[in-house]
Amino acid sequence: MNQQADIAEVQDFLYSLITQQADENAMRWLKQQIGKLHGEAASRHLYLAFGTASRFFSKEPLQLSATSQTGADQLRKGFQPAHWQVLQTVRTYLLLHVPSENADQQLVVLNKLFETADMSEQVALYAALPLLPNPEHLTARASEGLRTNMTVVFDAIALHNPYPADYFKEEAWNQMVLKAVFMQRPLYRIYGAEARANEELARILIDFAHERWAAHRQVMPELWRFVAPFIGQSYWKDIQKVLSEGQLLEVEAALLACAQSSYPDAKETLNHHPDIKHRVDTGQLTWQDIGQRDANPML
């Protein structure tokens, strides 16, 4: 799926956000670095600037207005900088000045950054993937990143990031979702979950649920979101198990899955729970609601 952003427009957008939260000295430094990103020494200057940006910019969250958040999505569908930091934004701005006419040369530069990056730098690199030129050439690097044991790096790829939904093949997508389930990450923050639903993923997650149950362990309620479109006779017994044995939040998740299924027994079962059906129909019970309450039972 081609979702290439207009690089110049994204540069201007990010620069405006940085300006709002950085002092004059920091902005002066940034302008100087951009001026060096040309010619034979451009790569060397980039590596240096990417690392030393932390001396001039903070890790405080970006402060975005509603207008800016809407503008971000218009620049690149799924772009959610509300979850970014100022320093991360500066590093992304630097990346957008890497020469990209030759995709292979661009990849050489980016790979060196990935291979030498610390944790914070990796977060910036992976979160920036959907904004970079030639994004279709970066899928192997993104898939490699999913092997990490660092939660914040995994989250930079899997959560609030449209790149996996737009560019991952089914196998890589399924592996990402399964690992997110295994790591107990908030699945509602995975962009494009409905669009990338597939029967193989549903089967994998059902197998995972069976393993959890066999070990007398709970299954995170959000898992049923990815099973919902494929509920049929073969998976119906698993939904029934949740409805009969699960805690309240698990039962609500199973019924929300029933609402999103075309299986007749699922529809009939939901009709037997009119209060929950009303909450589903009125948008009060959603996967975001399920995920947030699972993470914070006090909500």
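**Helices, cavity and pocket**

Reply: The protein chain has 17 helices and 0 strands. The model is predicted.

Me: What does the C-alpha trace of the protein chain span along its principal axes?
Reply: The model is a predicted one, and the span is taken on the C-alpha trace of the protein chain. Along the principal axes, that trace spans about 65 × 35 × 35 Å.

Me: What percentage of the residues of the protein chain count as buried?
Reply: A residue counts as buried when its relative accessible area is under 20%. The protein chain has 299 residues. The share of them that count as buried is 53%.

Me: At roughly what angle do the axes of α1 and α5 cross?
Reply: Helix α1 covers residues 7-21 and helix α5 covers residues 86-95. Their axes come within 10 Å, and the crossing is left-handed. The angle is roughly 145°.

Me: Which residues of α5 make the contact with α1?
Reply: On the α1 side, the contact is made by Q11, L14, Y15, I18 and Q21. By class, the contact has 6 nonpolar, 4 polar and no charged residues. The α5 side consists of V86, T89, V90, T92 and Y93.

Me: Which residues does S68 touch, not counting those up to four places away in sequence?
Reply: S68 is in helix α4, residues 66-75. Its relative accessible area is 16%, so S68 is buried. Beyond four places away in sequence, S68 touches F13 and L17.

Me: Which helix gives the most to the lining of the largest cavity?
Reply: A search of the whole structure finds 1 cavity of 30 Å³ or more, and the largest cavity holds about 40 Å³ of space. Its lining is made of L37, A42, S43, L46, H97, V98, P99 and V109. By class that lining has 6 nonpolar, 2 polar and no charged residues. With 3 residues, the helix that gives the most is α3, residues 42-52.

Me: Which helix gives the most to the lining of the largest pocket?
Reply: The largest pocket has a volume of about 480 Å³. Among its 24 lining residues, H83, Q88, V123, V152 and A156 are the closest to its centre. At least two lining residues come from each of α5, α7 (119-127) and α9 (151-158). The most, 5 residues, come from α7.

Me: How many charged residues are in the lining of the largest pocket?
Reply: The lining residues divide by class, with 12 nonpolar and 7 polar. The charged residues number 5.

Me: Is Y167 buried or exposed?
Reply: Y167 is found in helix α10, residues 163-167. C-alpha to C-alpha, Y167 and A41 are 32 Å apart in space, and they are 126 residues apart in sequence. The relative accessible area of Y167 is 12%, so Y167 is buried.

Me: Why does V251 count as buried?
Reply: V251 is found in helix α14, residues 248-259. Not counting residues up to four places away in sequence, V251 touches V242, L243 and G246. The cut-off for buried is under 20% relative accessible area. V251 counts as buried because its relative accessibility is 15%.

Me: How far apart in space are V251 and N111, C-alpha to C-alpha?
Reply: In sequence, V251 and N111 are 140 residues apart. In space, C-alpha to C-alpha, the distance is 45 Å.

Me: Which residues of α16 make the contact with α14?
Reply: The axes of α14 and α16 (residues 274-281) come within 10 Å and cross at roughly 60°, and the crossing is right-handed. From α14, the contact uses E252, L255, L256 and A259. The residues of the contact divide into 5 nonpolar, no polar and 2 charged. From α16 come I276, R279 and V280.

Me: Which helices do the buried residues of α17 pack against?
Reply: Helix α17 covers residues 287-295, and W287, D289, I290, G291 and R293 are buried in it. These buried residues pack against α14 and α16.

Methods:
Residues are numbered from 1 along each chain as its sequence is written. This is a predicted model: local features need pLDDT of at least 70, side-chain atom pairs count only at pLDDT 80 or more; totals for chains, interfaces and linings use all residues. Side-chain values use heavy atoms; hydrogens and water are left out. Axes are lines fitted to C-alpha atoms, for helices over the stretch in contact, and angles run from 0 to 180 degrees between N-to-C directions. Helices (H or I, at least four residues) and strands (E, at least two) are DSSP runs, numbered from the N terminus. A crossing is left-handed if the near helix is turned anticlockwise from the far one by less than a right angle, and right-handed if clockwise. Contact means heavy atoms within 4.5 Å. Ala, Val, Leu, Ile, Met, Phe, Trp, Tyr, Cys and Pro count as nonpolar, Asp, Glu, Lys and Arg as charged, and the others, Gly among them, as polar. On a 1 Å grid over the protein atoms alone, a cavity is a set of points where a 1.4 Å probe fits but cannot get out, and a pocket is an open set with protein on both sides within 12 Å along at least five of seven lines; lining residues have an atom within 4 Å of a point. Grid points are joined across faces, edges and corners, and a volume is the space filled by probe spheres set on the points. Buried means under 20% relative accessible area, exposed over 50%, partly exposed in between (1.4 Å probe, protein chains only).
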